[in-house]
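Subject: Structure for you to look over

Hi,

Here is the structure I promised. Please open it alongside these notes.

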Amino acid sequence: MIDLRSDTVTRPSEAMRQAMAHAEVGDDVYGDDPTVNALQELAAKLTGKEAALFMPTGTQANLVALLTHCQRGEEYIVGQKAHNYMYEAGGAAVLGSIQPQPLDMDADGSIPLDKVAAAIKPDDIHFARTRLLSLENTHSGKVLPLDYLQKAFEFTREKGLALHIDGARIMNASVALKVPLIEITQYCDTLTICLSKGLGTPVGSVLCGSREYITRANRWRKMTGGGWRQAGILAAAGIYALENNVERLQEDHDNAVWLEQQLRAIGVEIAAPGAQTNILYIKQSAELAAKLGPWMRERGVILSAGPLTRLITHIDISRADLQKVVSLWQDFLQHHAK
C-alpha cells in the first residue's frame with residue numbers, strides 16, 4: 001500500500017533494525033541504559049541544549065514540557081490550531097490544571113507577537129499567571145521564519161516568559177532552511193523532536209532544555225508513566241535516524257513539490273502555500289472526497305480524504321509511488337469529476 005496519511009506510518013529500515021538488535025541496554029529508570037544516554041547526549045548536542053530526555057511519544061513529550069514549565073493555575077499561550085492545543089486531548093488542562101490561551105495564527109504558522117502581548121495577563125489575583133509561549137515548527141508543513149523566531153525569543157525575554165517549540169518536524173524545518181538545527185533552536189528554551197515521523201523510527205521523541213529543566217521534567221516523565229527500562233533498543237533507532245535520516249528529508253520535500261506540480265497539472269486545487277516541506281493540502285468538494293478515499297484504497301493508495309486532504313511524503317514513499325498516485329488521481333477525475 002502507498003500510504004500518504006502521515007509520516008508516522010513509516011517502518012524501520014533493515015539497517016535501523018540491525019542497530020536496534022545490537023543495542024547495548026540497561027535500566028533507564030536508574031539512568032544506566034548507555035544507548036538511551038547516548039541518544040540524549042546526541043540530541044542535546046544537536047540542539048545546543050544542556051540535556052535531553054527520551055520519551056515514548058510526542059504527546060507525552062509536549063505534556064511533560066508544559067507540566068515542567070507551568071504550575072497549576074498558570075497558563076501557556078499557544079496557536080489556535082497548534083498540535084499541543086487541539087490534538088493532544090487537553091492533557092495540560094486535564095492533568096496539569098494548566099490553562100491554555102489559544103490565539104489565531106498567521107498564514108505562515110506564526111503567532112503575531114502583538115496578539116501575544118495583549119494576551120499576557122497582568123499580575124492580578126483574578127487572572128492565571130502567564131508563563132510560557134508555545135510555538136510549533138513546522139506547522140502544517142510550514143516553516144517558521146528565523147527572523148520571527150529571533151523576535152519571539154527576544155520578546156519572551158522582555159516579558160519574562162519561557163519559549164517552547166513543539167518541534168515534531170523541526171528537522172524538516174532545518175533541512176528546508178538549509179541551516180544547522182542549532183540555528184533554529186538557539187531561539188527557544190525548550191523543544192521537542194519527534195523521531196517517529198519523517199526520521200523513520202518506530203517510536204519516540206526527545207525533550208531538550210537546560211540541565212535543571214530536564215531534571216524536573218524527568219520527575220514528570222515518571223509520573224505520567226514514561227519510566228523506561230531496557231529502552232536502548234528503541235533509542236538505538238533514534239541515534240540511527242539522527243545520524244542517517246536527516247539530510248534525506250530533502251527527498252521528501254522534493255517529492256512533495258513534484259506531487260504538487262503534477263496534481264495542479266491535472267486540475268486538482270492546491271491549498272496555499274503549497275508544499276514547503278513534506279506536507280501538501282488539496283481542496284475538493286465533500287462529495288468528491290467521499291468517493292476518492294475508497295476508490296484510491298481499492299487501488300492500493302491510502303488517503304485521509306476530505307474537503308481539505310493532507311498528503312504527506314516520507315521515507316517509504318518513492319517518486320515511482322507518486323507517479324502511480326497521480327495516474328490514479330487523473331483516472332479518478334475522468335470518471336467522477338463534474
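By class, how many nonpolar, polar and charged residues does the lining of the largest cavity have? Seven are nonpolar, three are polar and two are charged. Please keep in mind that this is a predicted model.

**The cavity**

The structure holds one cavity of 30 Å³ or more. The space in the largest cavity comes to about 50 Å³. Its lining is made up of Gly167, Ala168, Arg169, Ile170, Met171, Asn172, Ile193, Cys194, Lys197, Gly198, Leu199 and Leu249. Two elements, α8 and β7, each give two or more residues to that lining. The largest share comes from α8, with three residues.

**Thr190**

Strand β7 covers residues 190–194, and Thr190 lies in it. Thr190 is buried, because its relative accessible area is 1%, and the cut-off for buried is under 20%. The side chain of Thr190 makes a polar contact with the side chain of His164, at 2.8 Å. Leaving out residues up to four places away in sequence, Thr190 touches His69, Leu163, His164, Ile165, Leu207, Cys208, Gly209 and Tyr213.

**Helix α11**

Helix α11 runs over residues 232–244. Does its length agree or disagree with what its 13 residues should span? It agrees: at 1.5 Å a residue they should span 18 Å, and the end C-alpha atoms are 18 Å apart. The buried residues of α11 are Gly232, Ala235, Ala236, Ala237, Gly238, Ile239, Ala241 and Leu242. As background, an α-helix has 3.6 residues a turn, so residues three or four places apart point the same way. The buried residues of α11 pack against α1, α2, β2 and α8.

**Asp32**

Where is Asp32? Asp32 sits in the loop between α1 (14–21) and α2 (34–47). Asp32 is partly exposed, because its relative accessible area of 43% falls between the 20% and 50% cut-offs. A polar atom of the Asp32 side chain lies 2.6 Å from the backbone nitrogen of Asp27. Neighbours within four places in sequence aside, Asp32 is in contact with Gly26, Asp27 and Asn37. Asp32 and Arg229 are 197 residues apart in sequence. In space, their C-alpha atoms are 9.4 Å apart.

Best wishes

Methods: Residues numbered from 1 in each chain as written. Predicted model: local features only at pLDDT ≥ 70, side-chain atom pairs only at ≥ 80, totals over all residues. Heavy atoms only, no water. Helix = DSSP H or I, 4+ residues; strand = E, 2+ residues; numbered from the N terminus. Buried < 20%, exposed > 50% of the residue type's maximum accessible area, 1.4 Å probe, protein only. Contact = heavy atoms within 4.5 Å. Polar contact = N/O pair within 3.5 Å; in protein donor to acceptor, adjacent residues only side chain to side chain. Expected span 1.5 Å × (residues − 1). 1 Å grid on protein atoms, 1.4 Å probe; cavity = no way out; pocket = protein on both sides within 12 Å on 5 of 7 lines; lining within 4 Å. Points joined across faces, edges and corners; volume = space filled by probe spheres on them. Nonpolar A, V, L, I, M, F, W, Y, C, P; charged D, E, K, R; others polar.
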